[in-house]
Structures are given as C-alpha cells and as structure tokens.
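Reader: I'd like to go through the salt bridges in this one. Can you take me through them pair by pair?

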Amino acid sequence: MGDIFVGGGGEGYGTPQPLLLKYANRHGLIAGATGTGKTVTLQILAESFSARGVPVFLADVKGDLSGLASAGRADFKLHEAFTKRAATIGFTDYAYDAFPVTFWDLFGQNGHPVRTTLAEMGPLLVSRLLDATEAQEGIINIAFRLADEQGLPLLDLKDLQALLVWVGENGDALSLRYGNVSRASIGAIQRRLLVLENQGGAQLFGEPALELSDIMRTDPDGRGRINILDAGTLMSSPKLYATFLLWLLSELFEELPEVGDPDKPKLVFFFDEAHLLFEDAPKALVDKVEQVARLIRSKGVGVYFITQDPDDVPEDILGQLGNRIQHALRAFTARDQKALARAAQTYRSNPRFDTEDAIREVGVGEAVTSLLAAKGVPGVVERTLIRPPSSQLGPISQAVRREVMDTSPIAGKYEAVRDRESAFEILSARADKAAAEAAEAEAEEEAAAEAEREYRAARRYTGQQVKRSTSRRSSSPDSLGEAMTKAVIKELGGTTGRRIVRGILGGLFRGR
C-alpha cells in the first residue's frame with residue numbers, strides 16, 4: 001500500500017517526505033498566499049489517497065481540480081519541468097494517470113445534485129446559514145421542536161416557511177410554553193429565507209438526500225473515488241458554502257462508527273477556503289467544529305483545511321492539525337509579519353535553516369512541511385519540493401465532464417426531485433380544514449339565528465327554542481396541535497374570520 005510521497009526535502013531535495021497513512025486521519029493544514037501552489041498540493045494529495053484506496057471529498061472553487069478525471073499529457077507545456085522535478089526528488093515511478101471522479105453540484109449543473117433536508121441540518125446550522133440573531137435563532141429552535149412534536153417533516157424551504165406562518169398565527173398560545181414569539185422576528189426570518197431562495201439555496205434542501213455511502217465509494221480496481229463539489233457558483237454565497245461543508249462533516253461525525261486508529265483513513269475531507277467557516281462565526285459553532293475535529297479522527301476521517309493564512313483557523317483547532325504543508329506567506333505589513341512569526345513558531349525547528357525565513361522564501365511548488373512521524377510525533381520542519389501531479393493540470397472540458405457524469409455509478413440517482421408529504425402539505429391540509437370548519441360554523445350560526453328570530457316573531461309554533469351550536473361550544477383539546485388549530489377557529493365567527501384563513505393561510509399554501 002505504501003505511504004504518500006509528498007515531495008523531496010533536505011539538501012538537493014533528495015530526501016523523501018512521506019505522509020504516513022497511519023496518521024493521515026490526524027488532520028492537516030495546507031496554507032499559503034494566492035499563487036503559491038496550494039491547489040496543486042491538494043491535487044497530488046487527492047491522487048495519492050485515491051491510489052491507496054481512500055475516498056476523498058473536496059470542493060473545487062476555481063474549476064482546476066476537475067483535471068483529476070483526466071491523465072496529464074506529454075505535450076503539456078510543463079511536461080519537461082514536471083519530469084525534471086520528479087527526477088530531482090527521486091520520484092522514480094512518476095507517470096500520468098486519470099483517477100475515478102464523481103462530480104457534485106448543489107445547483108445540478110456541473111455535477112450530480114447534492115441535497116439534504118432541513119431536519120438533518122438542524123436549527124444551529126440553519127440559524128448560521130440565515131445569519132440569524134439570538135431572538136430569531138430562538139424562534140427557529142421553536143419551529144424545529146414543534147416539527148418534531150407534531151410530526152411535521154421539515155424537508156425543504158417551503159416546509160419551514162409554512163411552519164413559520166403557522167407559528168406566527170398561533171404565537172399567543174405558543175408564547176405560554178416557549179416564551180415570546182415575535183411576529184417581527186418571524187418576518188425577518190422569512191425575508192432571509194427569501195434571500196436564500198433567490199441565491200439558489202432552495203436547491204440544497206429536499207429529497208432524495210445525499211447518502212454518505214455514495215461519497216465513500218471505492219472502484220472495482222481498489223482506488224478510492226474522488227468526490228469533487230463544484231463550488232464556482234456556490235462561492236458567491238459563502239455562508240451557504242461553509243454551512244453545507246460543515247453539515248457534511250457533522251453528518252460523517254454522527255453516522256460513522258468508531259474505528260480507533262485504522263491503517264488508513266476511511267475518508268479524507270478537504271475544506272478549501274477554510275476562513276469562510278470561521279469568519280464571524282458564533283462561539284457555539286466554533287465549539288462544534290472543534291469538537292468534530294477532535295473526535296472525528298476516531299471515525300477514520302481525516303480533515304485538511306486549506307487557507308491563505310494559518311491565523312484563519314482558530315488556535316484550538318489549529319493545534320489538532322498534525323500534518324502541515326505551508327507554502328509561501330507574504331509579509332508586507334506589520335500584521336503580516338506577526339502572522340508569519342506565529343506560523344513559524346508552530347513547527348519543530350530545523351538547524352539547517354530559519355523557519356520564518358524559509359516560509360517567506362519558498363518558491364512556487366515548494367513548501368515548508370511538517371508531517372507526523374513515528375508514534376504520531378510532529379516531524380522536524382523541512383523545505384520540500386512538492387511532487388508533480390499525474391492527472392491533468394487545469395480544468396477539463398464540459399464534454400469530458402458530461403461523459404464522466406453519465407458513466408458515474410450514481411448516475412440518475414439524485415437527478416429527479418422527490419416531493420413527499422411534509423410540513424407544507426400537512427399544514428396546507430389543516431388550513432383547508434380550518435376554512436371548511438369556519439364556513440360550516442358560520443352557516444350553522446346563521447341558521448340558528450334565523451330560527452331564533454322566527455321563534456321570537458311567533459312564526460314558529462312547534463319545537464323547542466333553537467340553541468346556538470357554533471365555535472362557542474366548549475371542548476378540551478387532545479393535543480397541542482389540536483389546540484393550535486382550534487385557536488385559529490376561535491376567531492372565525494364571521495365572514496371576516498373566514499377570509500383570514502382562506503387569505504393568509506389557504507391562499508399562501510395554494511399559491512405554492
């Protein structure tokens with residue numbers, strides 16, 4: 001099986017620098033300024049993990065990583081430079097090759113659609129996605145609790161939108177149990193949901209939801225499949241990008257069994273543009289990421305953060321990243337110089353050179369590396385010339401991408417949306433029933449009033465005086481759901497009330 005050959009270090013770059021598969025699930029960091037070679041480093045690591053039977057999941061922000069699906073070519077302009085570098089670092093079995101790739105795309109254009117449900121994402125991540133205030137987050141938590149208690153599946157955005165309307169209509173009754181339910185806060189959440197929908201976020205939520213087994217596949221030849229999430233369009237909504245990847249990481253953490261210290265990871269997860277995960281993130285979310293990073297390695301999953309500056313990653317999480325590949329950092333300002341000094345202090349020093357100078361001086365395709373050695377001890381820092389990629393450098397054509405998608409083992413599984421009965425349909429049915437009951441109650445009351453007038457005018461001579469039998473009749477609700485529904489009906493004593501149900505609830509739902 002062999003460990004992963006990252007590149008050559010030492011004098012003349014002739015000393016192999018291996019990333020030990022046994023410790024590959026102890027996470028890692030790929031950092032460096034724009035244009036220093038981070039993407040190629042990610043590419044060669046993905047190739048190496050795949051070749052050793054380890055599935056990979058990564059996001060392709062610039063489109064360059066789609067080249068993993070095609071082999072490099074001898075007529076490529078960098079062919080001579082690549083072969084020369086391979087000879088310099090002792091990469092004797094260097095050859096061009098293509099790798100098994102599965103393309104994914106939240107928008108379903110450049111890959112298979114990838115979805116989850118709102119229920120699976122949960123109120124914490126939904127609140128983060130909507131950039132909700134504390135009061136708004138409280139209402140979102142109430143909505144999720146009610147969905148669980150009432151058996152209202154939250155699958156897509158229209159389910160949450162419908163449930164929030166229902167919560168607003170029954171706010172007074174709900175406030176007795178859950179605290180203040182502000183209509184202003186509900187309105188703010190609805191507006192944020194509309195913005196998310198306009199950004200294409202509605203396509204993330206729904207069914208069929210992603211099955212984790214589909215991103216952990218290996219091919220019949222034993223190679224792990226490389227799952228590439230097309231993130232070019234997605235990056236225009238950075239919170240959607242970061243929240244989706246964090247959800248996926250959390251799902252892996254929650255669903256995978258403990259495996260201890262495997263001989264190789266079950267999956268390696270690359271989190272590109274990692275700063276988006278932590279920017280303006282509430283402490284509760286950062287704590288969750290720290291917990292996942294600390295414990296998910298025992299599930300056999302390695303997480304590698306890719307970012308420009310190591311300072312983008314909180315210190316508590318940075319301390320858990322054992323395998324580090326640091327490309328050049330620029331130090332033009334006083335702040336940059338402090339960040340460079342802090343980065344250098346996190347490595348075991350090498351007497352051959354000054355780490356801070358090395359991080360500043362390494363060229364494109366070269367990096368300062370510290371990879372875990374025997375017994376999981378951080379290795380001495382080394383200037384390393386990164387091995388060249390075997391797959392195509394740069395993006396593939398749309399025709400090749402389409403061919404890869406058509407021959408994928410999951411082709412056709414996620415393309416068609418399934419819209420089963422969920423909160424939207426259930427609440428819509430309740431609204432229709434409430435409108436019908438209101439109309440029936442009004443008709444009964446009008447009939448009773450007419451009979452009473454006839455009795456008092458002595459036009460009716462037989463029978464007893466008619467008693468009114470309408471919504472005023474007392475009853476004891478069997479459940480919170482019935483109580484909430486009847487709370488609406490209480491206001492339906494006249495035509496105006498009936499219009500409220502049909503206009504605000506019925507009209508809204510039928511309009512969908």
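**Salt bridges, pair by pair**

Author: Let's start with E382: in this predicted model, its relative accessibility is 11%, so E382 counts as buried.

Reader: And which residue does E382 meet in a salt bridge?

Author: E382 sits in strand 12, and its partner is 30 residues away, in the loop between helix 12 and helix 13. The two side chains come to 2.7 Å, N to O, and the partner is R352.

Reader: Is R352 buried or partly exposed?

Author: Buried would need a relative accessible area under 20%. R352 has 41%, so this arginine counts as partly exposed.

Reader: Next one: how many residues apart in sequence are the parts tied together by R420 and E207?

Author: These two form a salt bridge, with the closest N and O atoms 2.7 Å apart. R420 lies in the loop between helix 14 and helix 15, while E207 is in the loop between helix 7 and strand 7, so the separation in sequence is 213 residues.

Reader: What about E207, buried or exposed?

Author: The cut-off for buried is under 20% relative accessible area. R420 has 40% and therefore counts as partly exposed. E207 has 10%, so E207 is buried.

Reader: Where does R223, the partner of D97, sit?

Author: D97 and R223 form a salt bridge, the closest N and O atoms being 3.5 Å apart. D97 is in the loop between helix 2 and strand 5, 126 residues from its partner, and R223 is in the loop between helix 7 and strand 7.

Reader: How many salt bridges does the count come to?

Author: Some share partners: E211, D214, R217 and K413 are joined into one network that way. The count comes to 23.

Technical notes. Residues are numbered from 1 along each chain as its sequence is written. This is a predicted model: local features need pLDDT of at least 70, side-chain atom pairs count only at pLDDT 80 or more; totals for chains, interfaces and linings use all residues. Side-chain values use heavy atoms; hydrogens and water are left out. A salt bridge is a side-chain nitrogen of Lys or Arg within 4 Å of a carboxyl oxygen of Asp or Glu. Helices (H or I, at least four residues) and strands (E, at least two) are DSSP runs, numbered from the N terminus. Buried means under 20% relative accessible area, exposed over 50%, partly exposed in between (1.4 Å probe, protein chains only).
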